Amino acid sequence: GRTAIQTDNLNIPTSAQLFGGFAGDETLPSDRPRERNGRLTQPTVITNSPMWSTRFNHISGFTFLDYGDVAVDALSGTTLDEVTIDGGVSSSNDPAVWINGEVRLHDFVCRSRSEAAGPCVATSPEGTAVLHSVDLQSITSANPAALHMDGGSMTVHSLRSTSPVRVFDVDSGAELAVVDSAITSARSTNGAVVSARSGNGVFMEDVQINNTSSTFGDVEGGAFSIISTDLSLSRVHLRGVTFPSSAESMYGGVFGVSSSNLMLSDISVQGVALPGLSFIEGGVMQLTNVSGSIRSSSFDAPSNLEASEQIEGSLIHLDGSQLSVINSILWSPDPEPIFPFRSEISARHNCATDDALEAMQSNDSIALEQRPFLPSPSLLYQTTGSPCIDEGDERAAQSVWWPFRYSVAGTDVDEGQLDMGVHYSVPAAN
């Protein structure tokens, strides 16, 4: 079984290195027994220890059990390696790991936090966190998010989140970068993936997002709720967004962005499932006082549009914004897919319905008469008969992952004339 440590106060000096996960007869950390998947067989369990005063230089091979309050208060130079936060209930919303300097976390697991627990990890204004191989499991409460930035910065590589909570909260000039990650079942009132207020920037690249949901009331950016924070997404693919039946109004089903700069490149959005709403401003995106660009991306129409009473932009609503749209596919049969209010749009080489092209005044573009994508639940690969194939703008190719770019399922790499719309790095099977 696992070794358990229970103390009233465990205070370790700054220079200490602490290793757990030994079976009993090893002499080096590299000798610790491991499973076939590489994880430690016997992580050491620490429980009921007020670790808030602890300062680690390096901690490896531990599970912190049922910590509602701070388990590790990490200063500059700290490394947490193969550490698990297991459980935790808190009335104070304290994080399990509080980062106050340059800190690295590798092979970090946070699971089973519930009943008003605080974040798994939070940064202070002085905190700089680098997280690699992060797994968020079965978390049902994390206020305000599983990973929270109250200033500082956080870089996340290889995140896997399957928990029904908001994943990221960005505040007070904080900066977030997320690379090569997968997020499933994120859930919150708004901003289920990212909620950002007065941040210094949010950047994502090569991220899969599936089955997010808004949970209560009207919607203002179901997946991304961004205010006064620049947002840059590249090769981010979002499938499935649902909303509460109690919602009456929507202001950006996926993206609700205001007072920010926006850059979207090789983005796909599909599976936005609407309840019957009295009012919609942007079934996919609502932009207020935004300067933005959309390049080589594909947006599919939300479902159940006919059940809504008033729609101002079934795909995009703009208010006081400037937006460029290049080499993209915007599909919605609704007569008002794009609603530019006090806004300017510059567009070229797009594939969209006549109504969308007219709203954008898009040059060198192709009018769609029917949906150009393969049937759901496929990714937004184009059908072989799509009129958007071989009609792209090569100047947009800089946004495409060359040479691994696929836009039609089961075909060769798109090495000829660039296709319009999103490209994926891996081809789907026929």
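Colleague: Does Phe255 count as buried or exposed, and at what relative accessibility?

Modeller: First the ground rules: this is a predicted model, where local features need pLDDT of at least 70, side-chain atom pairs count only at pLDDT 80 or more, and totals for chains, interfaces and linings use all residues. Residues are numbered from 1 along each chain as its sequence is written, and side-chain values use heavy atoms, with hydrogens and water left out. Buried means under 20% relative accessible area, exposed over 50%, and partly exposed in between (1.4 Å probe, protein chains only). Phe255, at 2% relative accessibility, counts as buried.

Colleague: Which aromatic pair does Phe255 form, and how are the planes placed?

Modeller: Rings of Phe, Tyr and Trp (its six-membered ring) pair if their centres lie within 6.5 Å; planes under 30 degrees apart count as stacked, over 60 as edge-to-face and the rest as tilted. The count by this rule is three aromatic pairs. One of them joins Phe224 and Phe255, stacked at 5.2 Å centre to centre with 15° between the planes. Phe224 lies in strand β18 (residues 224-227) and Phe255 in strand β21 (residues 255-265), so the pair ties together parts 31 residues apart in sequence. Strands (E, at least two residues) and helices (H or I, at least four) are DSSP runs, numbered from the N terminus. Phe224 is also buried, with a relative accessible area of 0%.

Colleague: How many salt bridges does a search of the whole structure find?

Modeller: A salt bridge is a side-chain nitrogen of Lys or Arg within 4 Å of a carboxyl oxygen of Asp or Glu. The search finds eight. Among them is Glu82 with Arg32, whose closest N and O atoms are 3.8 Å apart. Glu82 sits in strand β6 (residues 79-86) and Arg32 in the loop between β2 (17-19) and β3 (44-47), so this pair links parts 50 residues apart in sequence. Both Glu82 and Arg32 are buried.

Colleague: Where do Arg348 and Asp393 lie?

Modeller: Their side chains meet in a salt bridge at 2.6 Å, N to O. Arg348 lies in strand β31 (residues 344-348) and Asp393 in the segment after β33 (366-367), so the pair ties together parts 45 residues apart in sequence. Arg348 counts as partly exposed at 24% relative accessibility, while Asp393 counts as buried at 5%.

Colleague: Which residues do salt bridges with shared partners join into one network?

Modeller: That network consists of Arg32, Arg34 and Glu82.
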